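Biologist: Got the model open. Can we go through a few loop residues?
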Amino acid sequence: MSKINYDLLKIKAIAFDVDGVLSPSTIPLGIDGTPNRMVNIKDGYAIQLAVKHNLRIIIITGADSPAIIKRFSALGVTDIYTKVSHKLPLLKEWLIRNNISTEETAYVGDDIPDYECMSYAGLAVSPADAAIDIKEIAGYISPAKGGEGVARDLLEEILRARGEWMTKGKAFGW
């Protein structure tokens with residue numbers, strides 16, 4: 001039985017913010033001012049496995065970083081949007097283009113720029129250290145902090161519900 005109070009079998013797509021969700025909220029800056037984001041290897045494993053099991057993953061971030069595109073492309077994610085100042089119009093258009101309903105969508109966010117998308121999605125998910133306003137609308141608050149396994153937590157629950165976690169073949173390799 002899932003710890004998430006939502007019919008996870010409905011979920012076809014998961015939208016992720018990056019900073020504060022797939023990377024910690026605190027990001028060291030390089031000497032030139034470029035953010036050096038950290039990533040969670042277990043999140044990466046779960047993302048690539050979800051892609052292999054035909055879950056649609058979309059990255060929507062306000063960040064401007066070629067490293068984000070490189071990281072998530074390497075995991076099999078094809079829908080990566082950076083430099084997005086207003087996320088909801090992009091999410092709505094992407095869902096329509098891919099014939100995915102809001103009930104079939106989870107959105108994982110941590111701060112005010114994610115509020116509208118989280119309110120729109122069927123399942124709103126936040127990390128444990130999300131902003132208070134975000135936690136108030138989250139249908140599920142992960143016990144993991146941003147950058148510390150939020151994606152792994154959610155994707156493992158979805159794949160377990162689908163009977164696709166720890167299955168032969170796809171689960172035991174990258």
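**Loop residues**

Modeller: Thr61 lies in the loop between β2 and α2 (66-74); helices (H or I, at least four residues) and strands (E, at least two) are DSSP runs, numbered from the N terminus. This is a predicted model, where local features need pLDDT of at least 70, side-chain atom pairs count only at pLDDT 80 or more, and totals for chains, interfaces and linings use all residues. Residues are numbered from 1 along each chain as its sequence is written, and side-chain values use heavy atoms, with hydrogens and water left out.

Biologist: Is Thr61 buried or exposed?

Modeller: Thr61 is buried, because its relative accessible area is 1%. The cut-offs are under 20% for buried, over 50% for exposed and partly exposed in between, with a 1.4 Å probe and protein chains only.

Biologist: What is Thr61 in contact with, beyond its neighbours within four places in sequence?

Modeller: Asp17, Val18, Ile68, Tyr81, Thr82, Lys83, Val84 and Lys87, taking contact as heavy atoms within 4.5 Å.

Biologist: And what lies 3.0 Å from a polar atom of its side chain?

Modeller: The backbone nitrogen of Ala63.

Biologist: Switching topic. Which phi does Asn99 have?

Modeller: Positive, about 55°, although Asn99 is not a glycine. Most residues other than glycine have a negative phi.

Biologist: Where is Asn99 found?

Modeller: In the loop between α3 (87-97) and β4 (105-108). Asn99 is exposed, with a relative accessible area of 68%.

Biologist: What about Met166?

Modeller: Met166 also has a positive phi, near 60°. Met166 sits in the segment after α6 (150-161) and is exposed at 53% relative accessible area.

Notes:
Polar contact = N/O pair within 3.5 Å; in protein donor to acceptor, adjacent residues only side chain to side chain.
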